[in-house]
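User: I'd like to learn how to read a few features in a model like this. Could you walk me through them?

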Amino acid sequence: MAVTVREPARQRVDRLERIWAEPRGVFGWLTTTDHKRIGLLYFFTALAFFGAGGIEALLMRAQLSEPNEKLLSPETYDQLMTMHGVTMIFLFVIPMTTGAFGNYLVPLMIGARDMAFPRMNALSYWLFLASGLFMYYSVFTHAAPNAGWFDYVPLALNQFSPGRNIDFYALGLIFNGIASTATAINLIATTFKLRAPGMSMNRMPLFCFAILAVSLSLIFALPSLTADLVFLELQRNLGFHFFDVANGGDPLLWQHLFWLFGHPEVYIIILPAFGIATSIIPTFARRKMIFPLVALAELLVAFIGFGVWAHRMFATGLPTITLVFFAAASMMVVIPSAIQIFAWTVTVALGRPEFRTPLLFIGGFILLFVIGGLSGIMFAAIPFDQATTDTYFVVAHFHFIIFGAAVFPILGGFYYWFPKITGRLYHEGLGKLSFWLTFLGTALTFFPMHILGLIGMPRRVYTYPSSLGWGPYNLSETVGAFILTAGLLVIFGNLVWSRFRGPPAGPDPWHGGTLEWATTSPPPPYNFPVIPVVTSAYPNWDRDDRRADAGRLERGELVLDEGHETPASTVVDAVPDEVVEMPGESPWPLAVALCTALLFVMLLTRHYAVAGIFAAMTLLAVAAWHSQEPQEQ
Amino acid sequence: MREVRKEIRPNRAVFEPGERGGLRRSLVRAGWIATGAAAALVFPAAAWAGDDQNALHPASKQEHSISVLWWVMLAGCSIGFCVVATLLLLGWVRRNRDSLPFGGGDRAGTAIVVGLGVFVPIVVLSSLFVWSDLFLIRTTEAPAANSTRMSIQVIGHDWWWEVRYPGGRAVTANEIHIPVRTRVDVAGTTADVIHSFWVPELNRKADLIPGRVNHLLLDADRPGEYRGQCAEFCGQQHAHMAMYVFADPPDVFRRWLANEERPARQPATAQAREGQHLFLSLPCSGCHMIRGTSADGTIGPDLTHLATRKTLAALTLPNHPPDLARWIEDPQRYKPGSKMPGFSLTSRERDALVAYLEGLK
Amino acid sequence: MSALPHSGDATTPPAVTRIEHTRLARPNGWWGMAIFVATEATLFGTLIGTYYYLRFNNAHWPPPDVPEPKLTLPLVLTGILVATSLPMQLAVSAAGRGRLVTARVALLVAVVVQAGYLGMQLHLFVHDVHEFPPSRSSYSSIYFTMLGGHHLHVGIGVLLNVWLLLRTATGLTTYRMNALRATAFYWHFVNILALCVVGTQLSPRA
Ligand code: HEA
Ligand code: HEA
Ligand code: CUA
Ligand SMILES: [Cu+2]
């Protein structure tokens, strides 16, 4: 809202500046509760983990480039493979989508000044960082988890994995799950309660719907993973029996619980990408998305995703009737995806698309998603799944979907919101080049994996003999992985260069339809000088409404410059009903995260008494935090 | 509305500075060359790849239906892909056209989305479901109890396969013989972690899970050797847990089985006798069984007829005297992490052991 | 719209009452707790699901060397715990009407009963651990995990109530009011959970 403001308005804005200012320097970052700063922290941390996961992938690809290659020992390979999967999923995609994109954009898109629970938001970040460092500590002690990202028992029991490797995995993921749960709670409460006046549920941006669906999925999916991991730790360290047959346990219990989490998980990964696509497409195609249908599809994907888990277990010898049920459910889950695919493509086809870099990435995403989705459907044909499960065909399926479909929109989103976050424009030519490199690299890396799977290459092998003719495919995949990496480096190079040298972007370079484009770039700490009032699903395309906002700033309506405040409204219709005082910066979230981290370290090293002390300290820190009430700050 | 486009226009000049074009073009060309080179590697490869472990070279009814399923689904999916790609292409063709911005939300669009996104998938998927999951699945289902002429037991170990024939008299490892054109039931389980039994040219896979027995049908159409490999990650040497299934003509099979059921041959030469003595006095006998001797270990493979096998250690090495010697001296070099330790032997001892083991026909 | 109440300013019981009256929707804090409870409920759903999964995998449940779960004491204790939902709700409505003393008395009654319950249960728990340790069989493993998980939740609830008692000693603010509401909701959940857990625990007797 870069309006020329007259004196009373200017004073109000100055007051807001003062109220919302946070301490400068490192201390400011350590105690921040500003969702944008926390979003950036998430962004850089998740990016670093992406780099780590990517390097792990490149090392694996190097080892697999030739038959009988001796670059890595099997032990190292297993650790790299496991850490690659765990890192990419838990330390990159989820924090990047919910933590970085969700945190930064959701309050802006719904016209709020912060998340519903700002301090808990900071806590989520510190917990996430600590859990990531906890797990990565294992890499440096050569005891990284090594039983694959789904960590099947009995391989993961101490009888077969006596080291600390699996404990790093189990405790690290429990720890990480706490952080993700906190973020999810925060995002749900924020989308429910803090929407700008007039933004009823059916006017909430589709991106926020996607994030809402993701958060709901996290809420209902993570507990089964947590329970599974707790069982595993109890069995490994305290001699409980959940998974061993001799004492009445069952190894398949692990698989059921893991996949009961694991399938919703993949929609947790893909849904933010859907949300990003539904943000970028209308902007560049100059056409609104079909609204209720797509919102419904986003929620439905998340919902049906809970009913398909056993399609990961088609070869375990479950009764045929069970298999058939889950196959049918897996086919049903296609329909909401198909609705979205056609909603996007029809919008592009009927619109007047302008293929700037973000839209190119979305185009690439659609093509890669369709390929990956269609191979997913093939798995719902049980006999075919039973033939190709645990081969590179599966690796091909999920990289097309996970890298091609989940990460491409993330990359497109980097470009799309870069001007908003930095106030500068990226370099379009380099952007397009980076797209083509990444796109072709992706195809070359992951397409041959389909063929390899069909001609018999199992996944998770650290080497293979030369006699089977797998070498050339593997080599081309390795070449592809490096091309793809080059593309990614061009992206990051472009963004870093543009951060300092790019031309100024102005508040709204793309003429986007959602509210984040209604404020300056980068947004001020209070996001909006005046809380916008919304009358449609694409509020920034309602010129009159935005002009009215400017007028209200003059008059001082909904400026809320008396305190550190944001309005809260009713859940469905977004009728504002109170102005809530938001807590400001606080050192306690960091302190709580620190105590929790020490608690987990003590559990890992089996100092249970000391762990008890840290648990008590965590509780004390939480109490201290909450005795500082927002209005007292 | 007009005013909006004016806001966007000037930006375009800023985004695409013309003088960068040269650099961009050459980088794009470099990308194409690299891609082309790699593609050139891939496609000839298709010609020579894959006679060994290829799920699309069916040698049984079961695998045949799986590969038909694949080709049909591939055709269907190609059509689906083309539909989506066409829509995108349509957008590409119409890119950057001038027209009023911000359309959308109209009925035509919704109708296409509902048609292509709801009705077509329902029809296509129901057909696929009925065909593959209700009918085809019967071909690859586990054989009904006692419906086969023969039942063999396969037990997964870290990292090799134990194979037991009916009556428990014939026990071998990693190389399974079955009579051709005969339905054979494989009853699979495991001694330690989860493994998965998979011979791509013959049938789907079956996981071998503690506490369960999973059944799988082997019914080879034609004689031959079919390579298979463990498909479930089972630890360090998951990569070296392969096996062969030999589908033999009935008389060959009968002869093989009869030999396999006999206890081990007595060593024929002095050197071999020395080897036997060594085998029984070294730790070998604690882990390996040689029927007819006092060696009765069960940790490693049964070696009673080792010399009839083509390979060693789950297809890690060919079964030739020099390789056998290397294996006994340093298994960890070929299969790091294997449960068999290395032994420092004099060359005389080693040769004696090899002579004995190679005599176990 | 400029007349929206500022809940941050409400730091006396009458001011809090005014906010409570004009409120159209439940406060953020309540929603946060409701979503948290949803995830906790799923966690216990998983535990109870695991209990039955293992049960149907075992011919003898509980195994022969484990005594059948006692019936009366757990049922009586659970009944007492569930009854504390009343004083909790009373505390909320009293505080909402500005009657801080009543609210604190109700809270105190609740927390005394809850702490008593927890003490008894922990005593039984320790006794059972000695009789059939969790490392004995899958039955004892899930039995103690499920019960332990529930006792932990009761314990946290007790701490929350103690914290509320301490905080409300210096007066009422909307922040504390919201915390009280959220905590009461948490207790209703824990009490329903208690019924589910005790039902599962006693199910072999059915
Ligand atoms: C982002 C992640 C993501 C997403 C979105 C999906 C989406 C789908 N997945 Fe995938 N999947 C994974 C990630 C993902 N998957 C991972 C990580 C694994 C392996 C884990 C591991 O083992 O390590 C896996 C494994 C996996 C398996 C188990 C394979 C095995 O190990 O044996 C199965 C089986 O059914 C499956 C099915 C599906 C289906 C049916 C969809 C559907 O949602 C796809 C729907 C989309 C489309 C179908 C395309 C668009 C639609 C059209 C173009 C309309 C027209 C189409 C038709 C009419 C058919 N997936
Ligand atoms: C989100 C999930 C995700 C993503 C993005 C990727 C990305 C990639 N994956 Fe991943 N993969 C998995 C999830 C993912 N993978 C999972 C779950 C498994 C299964 C594991 C298991 O079996 O247990 C798997 C397994 C897997 C295998 C099979 C291993 C095996 O079965 O033996 C292979 C083999 O090629 C592979 C390759 C790659 C490659 C080349 C990429 C590339 O796309 C990576 C490219 C990225 C980079 C190269 C990083 C570049 C970034 C930077 C340079 C940023 C720098 C930043 C800073 C410096 C701050 N992956
Ligand atoms: Cu055995 Cu993999
Ligand atoms: Cu799935």
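**Reading the contact and the sheet**

Analyst: Let's start where the chains meet: between chain A and chain B there are 16 residue pairs in polar contact, both residues at pLDDT 80 or more. A polar contact is a pair of N or O atoms within 3.5 Å; within protein, one must be able to donate a hydrogen and the other to accept it, and residues adjacent in sequence count only if both atoms are side-chain atoms. Helix H11 (residues 334–350) of chain A gives the largest share of the chain A side that touches chain B, 12 residues. Helices here are DSSP runs of H or I with at least four residues, strands are runs of E with at least two, and both are numbered from the N terminus. Keep in mind that this is a predicted model, where local features need pLDDT of at least 70, side-chain atom pairs count only at pLDDT 80 or more, and totals for chains, interfaces and linings use all residues. Residues are numbered from 1 along each chain as its sequence is written, chains are lettered from A and ligands numbered from 1 in the order written, and side-chain values use heavy atoms, leaving out hydrogens and water.

User: How much area do chain A and chain B bury between them?

Analyst: Interface size is often given as the accessible area lost when the parts come together. Here chain A and chain B bury about 9,100 Å², 72% of it on carbon and sulfur atoms; that is the accessible area (1.4 Å probe) lost on being put together, summed over both. On the chain A side, A:Phe342, A:Arg352 and A:Pro383 lose the most area to chain B, together 7% of what that side buries.

User: What is the strand order in the open sheet of chain B?

Analyst: Strands of a sheet pair through backbone hydrogen bonds, either parallel or antiparallel. This open sheet of three strands runs E5-E11-E10 in chain B, with mixed pairing; two strands pair if DSSP finds at least two bridges between them. Strand E5 (175–179) and strand E10 (224–229) of chain B stand at the edges with a single partner strand each, so one side of each has no neighbour in the sheet. E10(B) pairs with strand E11 (residues 242–248) of chain B in the antiparallel sense over six bridges, and B:Gln229 stands opposite B:Ala242 in E11(B).

Conventions. Buried area = accessible area lost by both parts, 1.4 Å probe.
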